[in-house]
Amino acid sequence: MASRNMSSGLSKSAYPSELQFYGHSLAFSLDRELLAARSAKVASLLNKNPQANLSSLLQDFPADPEIFELVARFCHGFELTLSSENVIPLICLANHLDMTESHSNNNLLKQAVNFFEQRVLSSWNETIKAFRSAGNSLQQAARLGLFEAGLESLVEKALANPRYLGDPIKNSTFDDDIEDEEGGYRPNARRRLFVLDWKSEDLTTLSLQLYHPIIRTMNQRGVPPEYVAASLCQYAEKWVFSSGIGGDNVSVYKRNSQRDVIEVVERLLPDEKGLIPCSVLFKMLKFAISLESSNDCRNGLENRIGKQLDQATVKDLLIPSQGNTKEMQYDIECLKRVLKHFYGNYTSSHSSGLIAVAELIEEFLAEVASDIDLKMDTFTTLAEMSKAASLGTLKNSDGIYRAIDIYLDKHRHLTELEREEVCKILDCYKMSPEAWEHAAKNERLPLRFVVQVLFVGQLQLREQRDTIAKEVEVFDEKLRREEVDEEDEKNEVKMGLDEEEIRSEMEKMSIKVMELQKECNIMRKEIENGCNHRVKKGKISMWKEMKRKLGCMSSINDCNCQVNKKKKVHPKY
């Protein structure tokens, strides 16, 4: 860099006792007395030796020329212009020169630190700008605690408002928006907490040296994982995916940088399943393989993919092989490991996922079957994987048959024995009737296999016929039982009706019996009363009769009167 006299921009005349300083090939003049008045380090050196050579004082200090110029302008009394872009390097340089309040009031270090605390740390955007512009001063900033203070500020803001990190890839955390009275839409109450009225600075613009500890701390402090995962995916897209992979000779540094990013991103990814689409994880894995990332990185990505393999597509499974032979165009071993992880995480409650993976492997087998360079051993290995994926399900083998048909069509040079070897993997008993019919007329299949298909087809038809006959017999028996049950039900209903009538008649008879009993009781009382009256009258009559017979013993007069009366009656002649 050409020499530049900064003092010419500060004053029209040269300062007395000027010193020549060199910083990063930059030469500038500065009055030693003005510098000593602000810098305790310079003052101490000059006190020890007034003729001390200060030319190398800033030579080894990592700062941009603009920062040196700011210090020079400050020492000469010009107004200090601070910003987020220059405050961290300026604090570091002021600390290096010991420009503190104990040496001079309202010194540079205090002004810069106050600006950092009040104007930078209070803002997400300004903090990221300050970090991004720190440049070569990062180590000094870390030693002074500037980086830790900025990191803590960013984490606190992300905890309060995680959308500073960007929207999640799958925004399933929030409820649907609500339509307002004017027909527009407004965010619901929960989403309004995270609405930004301005565009935030992107955290992914920071270097990996800064981004790594910030995201790691956010994970530890409990920032919602869906936002952290989204930021990590954006970081990989920016620093790895979008830039591609350079050649081995001209882009060694670039490849190393990309490999570091992939490895860090994999370590920082949250463990929760489904936060990142399976296609994005496969993309990371393909780059990790191509960049020769560590085994831990590749194994971690394979494990994450295995947990949600049922969401993958055939395109995702087409992982290019790193070998030089054409027969290994796709990394089959990697796919085997992913399948192993899937079955290791499989539970019986996710049977739909098992069927989806079985269909996925069949589609993959059909996709690679058309490759003319695909060797027979590799194809049969893939077919075995496809068959194994279908174990435990009721899925037919039509997908495997389709892949075999495609492979035999593209590899017509195979001998009869080789074609028989390819077809051994197919289970004829699990083929559909449509597949049997196609196979019976397929000239690409070996003759022995066609005969086997016809034989199995006949057995299946016979079994179907017997099954149908049994079903008819069971159906007839069911109808007969239903008729008997229906008749019994009618009889029960009729008996139920008869019982109701009998019960009603018995109740009526019981009422009549009770009425008759009442009448009998009444008559009995009347009879008893009548008998007593007759007995009484009978006694009187009998007493009179006895008196007559005894000659009126108790009343002689009455008797005589009666006798006399009878004597007066004389018959007439």
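Biologist: Before we start, what has to hold for a charge to sit over a ring?
Modeller: A charge sits over a ring if NZ of Lys or CZ of Arg is within 6 Å of the ring centre and within 35 degrees of the ring normal. This is a predicted model, in which local features need pLDDT of at least 70 and side-chain atom pairs count only at pLDDT 80 or more, while totals for chains, interfaces and linings use all residues. Residues are numbered from 1 along each chain as its sequence is written, and side-chain values use heavy atoms, with hydrogens and water left out.
Biologist: Which residue lies over the face of phenylalanine 78?
Modeller: Arginine 73 does, at 4.8 Å from the ring centre; likewise, lysine 238 lies over the face of tryptophan 239, at 5.9 Å from the ring centre.
Biologist: Switching topic, how many aromatic pairs are there?
Modeller: The structure holds 8 aromatic pairs, where rings of Phe, Tyr and Trp (its six-membered ring) pair if their centres lie within 6.5 Å, and planes under 30 degrees apart count as stacked, over 60 as edge-to-face and the rest as tilted. One of them joins phenylalanine 241 and phenylalanine 287, tilted, with 5.1 Å centre to centre and 40° between the planes.
Biologist: Is phenylalanine 241 buried or exposed?
Modeller: Phenylalanine 241 is buried, with a relative accessible area of 10%, where buried means under 20% relative accessible area, exposed over 50% and partly exposed in between (1.4 Å probe, protein chains only). Phenylalanine 287 is also buried, at 14%.
Biologist: And what about phenylalanine 379 and tyrosine 407?
Modeller: Those two form a stacked aromatic pair, 4.2 Å centre to centre with 10° between the planes. Phenylalanine 379 is buried at 0% relative accessibility, and tyrosine 407 is buried at 1%.
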